[in-house]
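I opened my notebook to record what I looked up in this structure. The entries follow in the order I made them.

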Amino acid sequence: MSTHNISFRVLKEHTGDDPLKREISVCASPDELMKLDRDGFLIRESVIQGDWLTSLRSALDRLTDAEWSKHRQTNSDDELPTRSWGIILRHLLDKDSAFHELLTWPPALSVARAMMGPLVRLRGLSARVSFAGVEPQDTYWHQHLRVVANPLPPWFSRPHAIDCLIYLDDVNELTGTLSVIPGSHHWLDREPPRLRYQELPGEHTFSLPAGSMVIIHSNLWHRALETRSGKRRMLILAYTPCWLRESPHGGPAPENGLTRDLIASGDPEVLELLGVDGYT
Ligand SMILES: O=C(O)CCC(=O)C(=O)O
Ligand SMILES: [Fe+2]
């Protein structure tokens, strides 16, 4: 992976404060960042391997086991879904310290800072696990920042965030490929057709080895195809500029979650990334 440095200065000297300077060592080339801006995605094959991959898988399996019955809670068989996304798990940093290393993992964070400025925060760390042998599990076409107004007002703030889709299993025809429409994150006058699961014009479909990451702009139109065999585990590590909010999905973070320990460490970078500090 090629790297380069970007030197940011945040313009706040007029307040009398020390200038805020940040050197970012970016885990991408300038050309790759240009493509990410243009196409809305950047693929990193096999960036997580070996023991780390094994430990992330085990942590996600533990969490899936712990939350499965609640996720499937029904009063009668009639209520079982006939089609679903699988299980979505939220607030991963609060639930297992095996995920903590991802918070400052340079291949993801440095690209987020290069694209959105040095002051970013975590929007969320969640997971999607889909299985074969139950109801069909796939996703319809969607985008993540559903806040665009039509017509666009003159001072509309175009939403930006980065989602790092991290695949812990092979992604292929059997487990479910990923499809995106390159450039669709730039479209501010339309949204994906409602509950559409079929192909769309301009769609690109990817197979990837386990341990790969696809960095997307959160408003890139995308979908995951059906898991027809085995189990497909993926993490979503999301960052936004620090003045935006955490993801609203999954409700408030669990009380006494493990991010309390991260905050107690007092590390200024961690406080900034968790939205406790860094924005004045
Ligand atoms: O499973 C995937 O490949 C993508 C899942 C997804 O788009 C989501 O959970 O928002
Ligand atoms: Fe998604």
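This is a predicted model: local features need pLDDT of at least 70, side-chain atom pairs count only at pLDDT 80 or more; totals for chains, interfaces and linings use all residues.

**Entry 1: a surface patch**

Trp243, Leu244 and Tyr279 make a nonpolar surface patch of about 350 Å². I then looked up where Trp243 sits. Tryptophan 243 is in the loop between β11 (231–241) and α5 (259–264).

**Entry 2: the iron ion**

Next I turned to the metal. Which residues are the protein donors of the iron ion (ligand 2)? I found His142, His144 and His222, each giving its NE2 atom. They lie 2.1 Å from the iron ion. Along the sequence I wrote the spacing of these donor residues as H-x1-H-x77-H. Histidine 142 lies in the loop between β5 (120–131) and β6 (162–167), and histidine 222 lies in strand β10 (residues 222–224), so this pair ties together parts that are 80 residues apart in sequence. I also checked burial. Both histidine 142 and histidine 222 are buried.

**Entry 3: ligand 1**

I listed what surrounds ligand 1. The residues are Trp85, Arg128, His142, His144, Tyr167, Leu178, His222, Ala224, Arg232, Met234 and Ile236. The iron donors His142, His144 and His222 are among the residues around ligand 1.

Then I looked up polar contacts. Tyrosine 167 has a side-chain N or O atom 2.6 Å from an oxygen atom of ligand 1. For arginine 232, a polar side-chain atom lies 2.7 Å from an oxygen atom of ligand 1. For histidine 144, the distance from a side-chain N or O atom to an oxygen atom of the ligand is 3.0 Å. How much of ligand 1 does the protein bury? Taken alone, ligand 1 exposes 290 Å², and the protein buries 96% of that.

**Entry 4: cysteine 27**

I looked up one cysteine. Cysteine 27 lies in the loop between β2 (20–26) and α1 (30–39). Is cysteine 27 buried or exposed? Its relative accessible area is 11%, so cysteine 27 counts as buried, the cut-off being under 20%.

**Entry 5: salt bridges**

I counted salt bridges and got 19. I followed some of them in turn.

Aspartate 169 and arginine 57 meet through their side chains at 3.9 Å, N to O. Aspartate 169 is in the loop between β6 and β7 (178–180) and arginine 57 is in helix α2 (residues 50–71), so the pair ties together parts 112 residues apart in sequence. Aspartate 169 is buried at 10% relative accessibility. Arginine 57 is partly exposed at 24%. I also found a network of salt bridges that links Arg57, Asp61, Asp169, Lys231 and Arg233.

Aspartate 138 bridges to arginine 83, with the closest N and O atoms 2.7 Å apart. Aspartate 138 is in the loop between β5 and β6, and arginine 83 is in the loop between α2 and β4 (87–89), so parts 55 residues apart in sequence are tied together. Aspartate 138 is buried, at 6% relative accessibility. Arginine 83 is partly exposed, with a relative accessible area of 37%.

Glutamate 203 and arginine 223 form a salt bridge at 2.6 Å, N to O. Glutamate 203 is in the loop between β7 and β8 (204–206), arginine 223 is in strand β10, and the two are 20 residues apart. Glutamate 203 is buried at 17% relative accessible area, and arginine 223 is buried at 6%.

How values were computed. Residues are numbered from 1 along each chain as its sequence is written. Chains are lettered from A and ligands numbered from 1 in the order in which they are written. Side-chain values use heavy atoms; hydrogens and water are left out. Patches are made of residues with over 30% relative accessible area and no salt bridge: like charges are joined within 9 Å, nonpolar side chains (Val, Leu, Ile, Met, Phe, Trp, Tyr) within 5 Å. Accessible areas come from the Shrake-Rupley method with a 1.4 Å probe; for residues, only the protein chains shown count as cover. A salt bridge is a side-chain nitrogen of Lys or Arg within 4 Å of a carboxyl oxygen of Asp or Glu. Helices (H or I, at least four residues) and strands (E, at least two) are DSSP runs, numbered from the N terminus. Donors are N, O and S atoms within 2.8 Å of the metal (3.2 Å for Na, K and Ca); water is not among the atoms, so sites may look incomplete. Buried means under 20% relative accessible area, exposed over 50%, partly exposed in between (1.4 Å probe, protein chains only). A residue is near a molecule or strand if one of its heavy atoms lies within 4 Å of it. A polar contact is a pair of N or O atoms within 3.5 Å; within protein, one must be able to donate a hydrogen and the other to accept it, and residues adjacent in sequence count only if both atoms are side-chain atoms.
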